[in-house]
Amino acid sequence: MGRETGRGSGVTAALLPVMLSLLAPLSRTAGRLGWLAPVLALPVGLGLCRVWREFAGRSLPGLLEGSFGKWGGRLMELAYLLWGLLLLSVSARRYAARLLSAVSGENARWLYLAAALALALWLGREDGRVFLRAGRLFSGAVGAAVLLAVALALPALDWKNLWPPAAADWGGLPRAALWTLSLAGYGVYGLCLPVEEERRWPWALLGCGGFAALLLVTLGTFGPALAGRMEEPFLLLLEGAAAPGVFWRGEAALAAVLILADITLLSLLVRGCGAMWRRLIPPWKGRGLWLPAAAAFWRAGAEPAAAEGDLLLWGGLLLGIAVPALAVLTEGVSKTPKKGAISCGEKEG
């Protein structure tokens with residue numbers, strides 16, 4: 001049970017930085033109704049939990065090869081490796097930006113990235129047990145910090161910022177829900193962790209409910225127009241807290257705690273990329289993973305303002321939802337006995 005909790009809590013903590021990065025885009029897309037996007041996405045998320053349950057006792061690469069054949073499986077493993085490296089670069093860039101917003105000194109970017117790379121390679125190494133233990137510890141600290149920040153920001157919430165919604169808000173709500181579902185493109189690498197069975201739906205409820213609460217507080221505090229223009233609206237919530245003397249430079253303290261969630265996300269992606277790397281190059285036995293991981297971190301430092309746009313949206317939906325569902329469906333069909341089929345062990349007539 002402890003290992004299951006480590007997996008669920010670790011993946012949930014890893015998704016928090018991605019949720020925070022979507023606060024501004026969802027505010028621009030769905031306006032006052034942005035907080036409803038996770039609620040709309042929840043039924044699909046619960047269905048995805050049933051799909052991921054079919055992975056129990058197997059790794060993601062193993063199921064891909066079992067469903068799409070040897071060469072088709074290898075092609076899909078390569079796609080997940082490249083996708084994981086892209087997400088690793090994007091996540092490392094966000095981590096560095098958040099840390100630099102709390103600590104002055106642009107010249108320290110490479111030092112922060114090097115330290116995060118070393119930690120991610122250590123936490124995401126092959127056995128996965130270190131990640132599970134770290135996931136339990138980090139999720140507790142991050143969860144407490146986020147709850148405290150939300151509680152302090154509640155008195156500044158203005159319900160006029162949430163109602164009435166504009167016509168454009170209704171039109172943008174479906175796309176905002178798709179952005180929420182694209183989080184599965186990150187969470188799918190949790191299937192590479194060493195756990196046989198677990199209940200995933202409570203974590204889906206917690207994730208969607210927590211994301212909706214973050215959006216509600218952010219929109220209610222700043223309004224959709226202002227929140228949509230901010231790079232990190234959540235970090236500025238404490239500026240409007242009713243007890244400003246409690247935290248001096250409170251956003252810096254909050255950013256420092258959120259770094260634990262960033263490290264968890266980077267470690268999860270390294271773990272997933274490592275699983276694909278070992279399948280694609282078996283003789284190396286996972287050695288050399290630091291090379292592509294370091295390349296992803298280098299890209300994060302060399303292009304601090306790069307934007308992937310809709311690639312993250314559609315890639316997350318395809319590799320986080322469509323491909324796993326197709327893999328499970330394909331494997332289920334291939335195992336279904338056909339009518340009139342003759343067993344190989346039986347003799348004819």
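Buried means under 20% relative accessible area, exposed means over 50%, and partly exposed covers what falls in between, with a 1.4 Å probe and protein chains only. This is a predicted model in which local features need pLDDT of at least 70 and side-chain atom pairs count only at pLDDT 80 or more, while totals for chains, interfaces and linings use all residues. Residues are numbered from 1 along each chain as its sequence is written, and side-chain values use heavy atoms, with hydrogens and water left out.

**View 1. Overall fold of the predicted model.** The protein has 12 helices and zero strands; helices (H or I, at least four residues) and strands (E, at least two) are DSSP runs, numbered from the N terminus. Of its 349 residues, 52% count as buried. Contact means heavy atoms within 4.5 Å. Among contacts with a separation of 6 or more, 86% join residues 24 or more positions apart. The protein exposes about 16,300 Å², of which carbon and sulfur atoms supply 66%; accessible areas come from the Shrake-Rupley method with a 1.4 Å probe, and for residues only the protein chains shown count as cover.

View 2. Cys192 is buried, at 6% relative accessibility. Cys208 is also buried, at 16%.

**View 3. The aromatic pair Tyr80 and Tyr189.** Rings of Phe, Tyr and Trp (its six-membered ring) pair if their centres lie within 6.5 Å; planes under 30 degrees apart count as stacked, over 60 as edge-to-face and the rest as tilted. One aromatic pair is counted by this rule. The ring centres of Tyr80 and Tyr189 are 6.2 Å apart and the planes meet at 80°, so the pair is edge-to-face. Tyr80 lies in helix α3 (residues 60-102) and Tyr189 in the loop between α7 (184-187) and α8 (201-222), so the pair ties together parts 109 residues apart in sequence. Tyr80 is buried, with a relative accessible area of 0%, and Tyr189 is buried, with a relative accessible area of 0%.

**View 4. Tyr80 in the nonpolar core.** A nonpolar core is a set of buried Ala, Val, Leu, Ile, Met, Phe, Trp, Tyr and Cys residues joined through side-chain atoms within 4.5 Å. The largest has 105 residues, and those with the most contacts inside it include Tyr80, Leu88 and Phe234. Helix α3 gives the largest share of this core, 17 residues. Beyond neighbours within four places in sequence, the contacts of Tyr80 include Leu60, Val188, Met276 and Pro324.

View 5. Ser9 lies in helix α1 (residues 2-30) and is buried, with a relative accessible area of 6%. Not counting residues up to four places away in sequence, Ser9 touches Gly135, Arg136, Ser139 and Trp203. The C-alpha atoms of Ser9 and Gly135 are 6.1 Å apart, although 126 residues separate them along the chain. Ser27 is found in helix α1 and is buried at 3% relative accessibility. With residues up to four places away again left out, Ser27 touches Leu219, Pro224, Ala227 and Gly228.

**View 6. The kink in helix α6.** Helix α6 (residues 167-181) has a kink of about 40° at Leu173, shortly before the proline Pro174. The bend at a residue is the angle between axes fitted to the seven residues ending there and the seven starting there. The buried residues of α6 include Gly172, Leu173 and Trp179.
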